[in-house]
Amino acid sequence: MKTSIVIRFVLLGIAWAATVALLLTHIRRFTAYHAFVIVASAIIVFVPMYKKYVKNGDNHR
């Protein structure tokens with residue numbers, strides 16, 4: 001995997017983690033809904049990138 005792709009994953013991961021941290025610090029109690037939102041957002045953010053850059057390998061062009 002190219003360095004630029006790794007950097008994209010890292011930056012996106014940091015942004016996602018910061019958003020989750022912001023969510024967790026501003027809620028009164030953790031519920032199943034909050035867990036669902038976190039898991040769903042991770043799937044929406046990371047699965048397409050995984051499919052494009054990791055699963056297809058060099059065929060992403």
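Modeller: Let's start with a term: a residue is buried when its relative accessible area is under 20%, exposed when over 50%, and partly exposed in between, using a 1.4 Å probe and protein chains only. This is a predicted model, where local features need pLDDT of at least 70, side-chain atom pairs count only at pLDDT 80 or more, and totals for chains, interfaces and linings use all residues. Residues are numbered from 1 along each chain as its sequence is written, and side-chain values use heavy atoms, leaving out hydrogens and water.

Biologist: Is Ile 5 buried or exposed?

Modeller: Ile 5 is buried, at a relative accessible area of 5%. Across the protein chain, buried residues account for 16% of the 61 residues.

Biologist: How many helices and strands does the protein chain have?

Modeller: Helices (H or I, at least four residues) and strands (E, at least two) are DSSP runs, numbered from the N terminus. Here there are two helices and zero strands, and Ile 5 lies in helix α1.

Biologist: How are two packed helices described?

Modeller: By the angle between their axes and the distance between the axes. Axes are lines fitted to C-alpha atoms, for helices over the stretch in contact, with angles from 0 to 180 degrees between N-to-C directions. In this model, α1 (residues 3-25) and α2 (residues 32-55) have axes that come within 11 Å and cross at roughly 175°. Angles over 145 degrees count as roughly antiparallel, so α1 and α2 are roughly antiparallel to each other.

Biologist: Which residues make the contact?

Modeller: Contact means heavy atoms within 4.5 Å. Among them are Ile 5, Phe 9 and Trp 16 of α1, and Ile 38, Phe 46 and Tyr 50 of α2.

Definitions and conventions
Angles under 35 degrees count as roughly parallel, over 145 as roughly antiparallel, 65 to 115 as roughly perpendicular and the rest as oblique.
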